[in-house]
Amino acid sequence: MVAVSDDRSSPAAHVPGEPDGLPVLSLALAAMMEDVHAHSGAVYLLGADPPVLEMAVMAGLPRAFAAPWERVTLHSPVPVADAVRERRLVWVGDGEEMARSFPRVAVVLPYPFALVALPVATESAAYGAVFLTWPGSRPEGLSERERAHLTAACGRLAVRLERAAAASVPVHPEPDLLAAPVVGGAPGTLGSLEAVRMVGRLPYGLCSLDLHGRVGYANPAAAALLDVPVSTLIGTQLWTSVPWLNDPVYEDRYRAALFSQQATSFVALRPPGTWLSFRMYPTRTGLSVRISRARGVSRPDPAASVTDEAAPPRLVTVSRVVSLTGALSEAVSVQDVVQLIADEVAPTVGSQALVVLGSRAGRLHVLGHRGYPDPRIPERFDGSPLTERIPGAQVLRTGVPAFFESWEQLRHLYPARRGTHDGFAAWAYLPLITSGRPVGTCVLAYGRPHIFTTEERAILTSLAGLIAQALDRALLYDAKHRMAHGLQEALLPHSLPAVPGIEAAARYLPATRGMDIGGDFYDLMPAGATAAAVIGDVQGHNATAAGLMGQVRTAIRAYTTVGQAPQEVVRSTNRLLIDLGTELFASCLYLRLDPARGRAVLARAGHPPPLLRRPDGRVRALDVEGGPLLGVDPSAAYPCTEIDLAPGSLLVLYTDGLVESPGVDFDDALDDLGRRLADAGDLPLDELADHLVRHEHGAQGHPDDIALMLLRARGD
């Protein structure tokens with residue numbers, strides 16, 4: 001990681017071994033683009049705290065086009081983050097591949113272009129990333145020579161940044177590499193006087209725009225058609241000088257023309273009733289625009305209304321909103337929303353910390369926070385009355401945003417906060433309002449005093465509206481999730497009974513995706529001089545499945561209590577399920593344990609086979625005879641299998657959620673579980689249970705419920 005300065009006006013840093021003032025980043029980027037004939041590109045630097053990729057220089061296109069990704073976390077679903085996180089070259093050949101692999105990027109930039117992203121890293125550390133783009137598509141991909149050259153170039157840049165980090169030299173962002181503006185204020189700057197005279201005699205309008213949309217030249221016909229003097233047009237953005245072209249609908253085609261490098265046409269209405277035809281001819285240095293009267297147009301054609309350029313500030317707003325909307329649609333829980341604000345919103349607006357507040361019983365409730373070194377700082381507001389005169393409560397109560405540009409300003413307006421400095425220097429308190437009612441407050445904190453411009457306040461308030469909708473859905477989800485899984489846990493045993501000669505432990509983990517109730521169950525019960533254990537899974541993830549699971553578990557207990565043999569317990573439960581008339585099925589593994597004799601009898605109904613770990617540490621999957629799922633065949637038989645259960649033997653009963661994962665073969669997953677059991681089987685049962693359920697699914701979560709029961713035969 002490198003020390004990154006946010007002062008873009010500073011001279012290039014002196015990197016040890018390089019000439020003073022040499023723009024190392026810009027030269028490296030320009031060389032890479034030239035070698036592979038790329039259309040645009042950028043260099044990111046990886047900051048240390050927090051680890052955020054910050055765009056240091058961009059070339060070929062205005063920075064506004066990449067505004068949603070000027071600052072990205074390493075967990076963001078974008079190519080440069082993947083490249084750094086996985087230390088590999090990421091290639092996206094066309095728009096379809098972008099939509100499949102990086103849908104958030106494709107939503108904001110739905111144009112045909114190819115992209116490559118590479119890490120700027122040495123063997124020991126990452127310092128940033130580079131991306132390059134090409135217009136259209138490149139189905140053939142990068143050649144081996146191109147890959148090797150880009151990889152080597154990024155490696156050389158990483159070495160230079162490593163030297164800077166070792167010397168504690170901050171690396172400054174550098175001016176973006178765009179074509180020099182053609183704005184000269186005089187038509188003669190375009191070429192010879194005769195050429196200007198020739199263009200001036202044409203009956204249609206001609207304009208020359210730079211990459212930012214500023215007019216460098218306009219002939220008299222263009223001024224007449226636009227009804228704006230040439231002197232007003234020169235040096236200004238076209239949509240600023242011509243208000244009726246200032247329409248967000250047109251932004252998409254402005255970007256499309258520059259990304260695709262293809263001529264684009266559109267029509268626009270000049271009030272009160274004159275239709276004009278615009279045709280844009282893009283190059284890497286700007287756009288030439290031909291303007292003429294449109295014929296046969298009586299009303300707007302949405303399909304043909306391809307726009308003209310959009311102002312960068314407004315483009316930034318639209319892009320950010322589109323990107324954030326896509327991300328918010330994926331947020332499920334409240335913590336998902338909090339993390340998304342930390343990953344997507346805070347880096348974009350330059351905030352270093354955040355708190356999301358809600359209300360409960362007339363008091364503030366801290367829903368989540370990020371970026372505070374001491375978690376007690378934001379959590380001290382938890383439980384504060386909504387009537388208390390503090391900004392978080394007042395914004396939530398009134399729905400009016402509040403912006404504090406310094407600690408002195410906040411302390412002056414809210415003297416009650418004296419002595420409660422949180423270590424930050426500026427704050428934005430944003431009300432989260434949906435359907436006319438407040439659902440919370442989002443507090444963004446800044447490390448230095450920060451002036452909130454009118455435009456920035458409008459952007460933050462708009463983003464707060466999107467966050468509010470996601471938070472409202474997430475609060476409802478969390479409430480239903482707690483209710484659903486509370487019901488399921490009530491249907492499972494709160495603890496396992498003590499059984500002579502048997503040590504037992506069990507775990508249940510609800511699915512991490514979705515909020516439906518699962519049908520996994522387990523139980524352990526005394527049965528005279530023996531004991532019985534059962535594990536099973538009712539089909540479905542809803543209240544019906546949970547209710548049926550409770551009935552099945554109760555029935556098995558009842559059949560065991562009256563002394564039925566294992567095969568009869570399973571057969572009776574099968575008939576009960578059919579008699580209930582349900583369309584759901586269930587799997588089941590039933591065991592009768594006799595530790596005094598060192599034996600166990602098993603009956604199986606469509607359930608995964610148990611694992612047995614012998615006292616010597618060997619593990620195998622038991623080949624247990626069985627019958628079909630419960631609830632399928634009223635005449636089904638369930639033969640039994642008897643096994644040896646010597647002292648020290650360990651039986652592992654589980655549901656399919658423990659071993660089944662998308663894209664993983666069941667037998668391979670079962671073999672992996674067996675290896676982990678062999679390695680860790682001597683642990684105390686509670687530790688072993690935690691190890692088995694945590695090992696496979698701790699990082700990425702699990703799409704299905706997990707039930708696990710461990711039974712170890714003791715020698716007493």
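1. Rings of Phe, Tyr and Trp (its six-membered ring) are taken to pair if their centres lie within 6.5 Å, with planes under 30 degrees apart counted as stacked, over 60 as edge-to-face and the rest as tilted. On that basis, ring pairs link Phe 65, Tyr 111, Phe 113 and Phe 259 into a cluster.

2. The model is predicted, so local features need pLDDT of at least 70 and side-chain atom pairs count only at pLDDT 80 or more, whereas totals for chains, interfaces and linings use all residues. Residues are numbered from 1 along each chain as its sequence is written, and side-chain values use heavy atoms, with hydrogens and water left out.

3. As to overall make-up, the protein has 20 helices and 27 strands, these being DSSP runs numbered from the N terminus (helices H or I, at least four residues; strands E, at least two). Of its 716 residues, 52% are buried, where buried means under 20% relative accessible area, exposed over 50% and partly exposed in between (1.4 Å probe, protein chains only). Taking contact to mean heavy atoms within 4.5 Å, 63% of the contacts between residues at least 6 apart in sequence join residues at least 24 apart.

4. The structure holds twelve aromatic pairs. Among them, Phe 113 and Phe 259 form a tilted pair, 5.1 Å centre to centre with 50° between the planes. Because Phe 113 belongs to strand β5 (residues 113-121) and Phe 259 to helix α10 (residues 251-260), the pair ties together parts that are 146 residues apart in sequence. Phe 113 is buried at a relative accessible area of 2%, and Phe 259 is likewise buried, at 4%.

5. Another pair, Phe 266 with Phe 278, is stacked, at 4.7 Å centre to centre and 5° between the planes. Here Phe 266 lies in strand β9 (residues 264-270) and Phe 278 in strand β10 (residues 274-282), so the parts tied together are twelve residues apart in sequence. Both Phe 266 and Phe 278 are buried.

6. Which residues of α2 are buried? They are Pro 79, Val 80, Ala 81, Asp 82, Ala 83 and Val 84; with six of its eight residues (79-86) buried, the helix is therefore largely enclosed by the rest of the structure. Just after α2, Arg 87 adopts a positive phi of about 50°.

7. The charged end of Arg 290 is 4.0 Å from the ring centre of Tyr 204, while Arg 389 lies over the face of Tyr 414 at 4.9 Å from the ring centre.

Methods
Lys NZ or Arg CZ within 6 Å of the ring centre and 35° of its normal.
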